[in-house]
Structures are given as structure tokens and as C-alpha cells.
Amino acid sequence: MNKSITVTQLNTYIKALLDESTPLKSLFVVGEISNFKHHYSGHMYFTLKDSQTQIKAVMFSSAASRLKFMVEDGMNVICRGRVSAYEKSGMYQLYVEDMQPDGIGALNLAYEQLKEKLSAEGLFDPIHKKPIPKFPRKIGVATSNTGAAIEDIKNIIARRYPLCELVIAPTIVQGEQAGNDIIKSIKLLDSIDDVDVIIVGRGGGSIEDLWAFNIESVARAVFYCETPIISAVGHETDFTICDFVADLRAPTPSAAAELAVPDINQLSDFVKNTDAFLKKYLKGKVENEMQHFDCLAYDSVLGRYNDYFKTYNDDIISLSDKLNSLFNLKMKMNDLNLRKIAGKLDALSPLAVISRGYAVVKNKSNTFIKSVVELKQNDKLNLVFKDGCAECTVNEVKYEQ
């Protein structure tokens with residue numbers, strides 16, 4: 001007679017057989033999700049089935065938290081995991097360690113799911129878009145302080161509108177910490193009262209590189225920011241969730257800088273053209289009035305009213321003199337303002353500093369030297385004067401005590 005065993009012993013034995021099976025320790029299973037339940041603990045319980053059979057499956061919270069997309073019933077997926085038994089119920093099941101959508105990338109699916117969700121909530125609606133100020137005094141920039149994007153923004157704004165000040169919030173824009181750091185920078189810049197517009201973005205990269213700008217928390221931070229935001233992420237063909245939520249989307253960080261500020265040269269041309277137009281308009285207006293007066297003065301019916309027309313003529317001349325005086329005063333004021341602006345631009349120019357007897361120091365990489373701490377003995381330097389340059393070598397570095 002065979003020796004009997006308990007149910008527990010049987011289930012334990014079956015579990016041990018499954019756990020020791022090499023093919024069942026790591027395998028990929030394709031199927032359709034059904035009976036999906038996302039427990040409050042973070043664990044996911046579901047059935048994986050095909051046209052003929054099914055198997056119970058579980059994905060614990062530690063693995064489920066790494067998913068980029070939302071799991072739904074009816075979704076075809078590829079699961080990686082192991083097969084084992086749950087001793088208490090005697091049921092064998094698939095313990096899923098990773099999951100990917102079948103036929104579409106996880107990031108692409110997550111992108112489309114979040115885009116559809118936020119669009120349904122109205123976060124993309126034009127009614128929520130805040131206008132970008134035409135003449136900003138201070139611009140906040142949330143991006144990496146070491147990439148090409150920040151240098152492009154600096155150079156373009158300095159060339160187009162040097163009267164504007166930049167406030168840079170160095171930001172992590174790639175990796176697991178990027179999302180929280182982007183939110184932190186947006187809130188910091190939004191808290192500065194005199195920041196008129198914020199540029200948020202980075203240079204190009206893969207969808208993985210740009211993923212921080214496709215996170216729901218970042219999208220909501222952009223939406224609820226009180227300061228207008230220009231999104232400038234990646235290249236012209238890259239679109240992120242941040243682009244749809246922002247008040248204005250720029251195809252590149254360089255384009256964002258151009259959209260954020262006017263061109264001071266165009267403004268100067270506008271003032272000059274307006275000045276010429278007003279002069280021509282006022283001159284023509286006075287000449288037309290004089291011609292009208294002459295017609296009335298020499299009309300045969302009214303010819304005997306010479307005294308009346310003389311008074312009328314004096315009034316026109318007086319009015320013309322007043323208009324000319326007011327116009328000249330206005331032009332002097334405009335000219336004074338232009339001279340002030342030109343003076344500010346000249347003060348900002350490094351050439352003006354050099355012309356007063358100073359020199360600019362560059363290293364062999366053509367980078368400006370700002371402090372003696374950047375130098376060491378035998379460094380090759382280039383001194384730039386207003387009329388040429390000189391190469392020299394550092395013999396000794398002395399620090400101020």
C-alpha cells in the first residue's frame with residue numbers, strides 16, 4: 001500500500017517541480033489581457049488568454065511601477081516571467097516581471113494614452129493659452145546649463161534683443177530624475193514676479209531621451225503655471241505632451257528664443273519709417289489746407305471778404321507753426337530715446353570696452369578668461385586689443401590675498 005501525503009505536501013512538491021524547471025524560469029508569453037484588476041497595493045492581477053486557453057497571471061508592484069503605459073482589458077501583450085504555483089490554492093500561474101504591448105512600443109502607447117487623456121480633460125484647448133508678451137523684460141529658461149540649447153538661446157537673445165535679461169534655472173532634462181527637476185524649475189521661475197515668459201526644453205534625442213517631457217506631472221505643471229510658457233523640446237519633427245499643453249510650441253530651442261523677443265533692428269527701422277511717414281503726412285495735410293484756403297480766398301463771390309480770409313490765413317499759419325513745433329518736439333524726444341537705447345547697446349558691446357584701453361583674454365580654446373583661478377603656469381593666452389591681438393605665455397599665477 002502506497003504511503004499517503006497531505007495536500008500541502010502535494011502542492012509544495014508541484015511548486016518545487018515548477019520552480020526547478022529551467023524552461024519555466026524565464027519565458028515569454030503572448031496573449032490578450034482579460035479580467036484585469038489593479039489592486040490598491042500596486043499589484044496587478046489578470047488572465048492571459050488566446051483563442052483556446054488561458055492562464056492566471058500576477059505582476060507585483062515592484063515590476064508594475066516600471067511600466068510606462070496603462071494596462072487595459074483586451075490589450076495584446078508580450079509578458080516575460082516565470083511559471084510557479086501558489087501553494088495555498090494549488091493553482092499554477094504566470095509571475096510577470098516585464099510587459100510590452102504586442103505590435104507597438106510601450107513608450108509610443110503611453111504617449112498616445114496620455115495625449116488622449118489630457119486632450120479629453122481640455123488641457124490642450126486654445127482657450128487656456130496665455131499670450132506671449134511682445135517686449136519681455138526678463139525671460140526664465142528651464143534647461144540644462146551645459147548643452148547646446150542654452151548657448152543657442154543666449155546668443156540669439158543677445159543678438160536680437162539685448163535689453164532683455166535671462167534667468168536660467170539649471171535643469172536635469174533626461175533620466176529618472178528629470179521629471180521632478182523640470183517641475184521644480186518651472187515652479188521656481190513662476191515664483192519670480194518680474195519673469196514675463198518661460199522657455200522650457202532641451203535639444204534633440206530619441207523618444208527615451210525626451211520622455212521627461214511626456215510625463216503627466218510635467219504636463220500639469222506647465223498647464224497650471226501662471227507665467228506664459230514656450231515649449232522647445234527636440235527637433236522640428238519632435239512633438240511632446242509638453243508642446244501641446246504649453247502656451248506656445250517652438251520647433252527648436254533656437255526658434256523659441258526668436259519667438260520670445262522682437263528684433264531690435266526691425267524696431268529701429270519701424271521708428272524711422274514712422275517718423276518719415278508722419279512728416280510726409282503732416283506736410284501734405286498743411287498743403288491741402290492751404291490750397292483749400294486759396295480756392296476760397298480767390299472765389300469771386302467771396303472775394304470782398306478779404307479781411308475774413310486774412311484772419312483765416314493767419315489761423316492756418318499759426319496752426320501750421322504749432323504743428324511743426326509739436327512735431328519737432330516729438331521727434332527730439334524720439335531721437336533722445338533712440339540715443340539712450342543706442343548708448344545701452346554700446347555699453348553692452350565688448351568692442352566699446354576694448355576701445356577704452358582694455359584687452360580681452362582668451363585661452364587656446366578661444367574661450368574668455370574671467371578669473372585668475374582659470375589659469376596655470378605655462379598656459380598659452382591670446383590678448384585681444386582694439387587693433388589686433390598678441391599671443392603670450394603665463395609665467396606665474398598670483399592670487400589676491
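Which residue stands opposite A57 in β5? I looked it up, and L94 is the one facing A57.

**Ground rules.** I'm working with a predicted model, so I note that local features need pLDDT of at least 70, side-chain atom pairs count only at pLDDT 80 or more, and totals for chains, interfaces and linings use all residues. Residues are numbered from 1 along each chain as its sequence is written, and side-chain values use heavy atoms, with hydrogens and water left out.

**The sheet.** I followed the strands and got a closed barrel of five, in the order β1-β2-β3-β5-β4, with mixed pairing. Neighbouring strands here are turned by 55° against each other on average, direction ignored. Axes are lines fitted to C-alpha atoms, for helices over the stretch in contact, and angles run from 0 to 180 degrees between N-to-C directions. Strands β3 (residues 54-59) and β5 (residues 91-101) pair in the parallel sense over two bridges. Two strands pair if DSSP finds at least two bridges between them. Helices (H or I, at least four residues) and strands (E, at least two) are DSSP runs, numbered from the N terminus.

Next I checked what packs on this sheet: helix α1 (residues 7-20) touches β4 (76-86) and β5. Contact means heavy atoms within 4.5 Å. The direction of α1 makes about 135° with that of β4.

**Aromatic rings.** How many aromatic pairs does a search of the whole structure find? I got six. Rings of Phe, Tyr and Trp (its six-membered ring) pair if their centres lie within 6.5 Å; planes under 30 degrees apart count as stacked, over 60 as edge-to-face and the rest as tilted.

Why is the pair F124 and F244 tilted? Their planes sit at 35°, so the pair gets that label, with the centres 5.4 Å apart. This pair links distant parts of the chain, 120 residues apart: F124 is in the loop between α4 (106-121) and β6 (138-143), and F244 is in helix α8 (residues 241-245).

Buried or exposed? I noted F124 as buried at 15% relative accessible area, while F244 is partly exposed at 24%. The cut-offs are under 20% for buried, over 50% for exposed and partly exposed in between (1.4 Å probe, protein chains only).

F277 and Y281 make a stacked pair, 6.1 Å centre to centre with 20° between the planes. Both lie in helix α10 (residues 264-297), four residues apart, about one turn of the helix. F277 is exposed at 53%; Y281 is partly exposed at 48%.

**Charges over rings.** R249 lies over the face of F239, 3.9 Å from the ring centre. A charge sits over a ring if NZ of Lys or CZ of Arg is within 6 Å of the ring centre and within 35 degrees of the ring normal.
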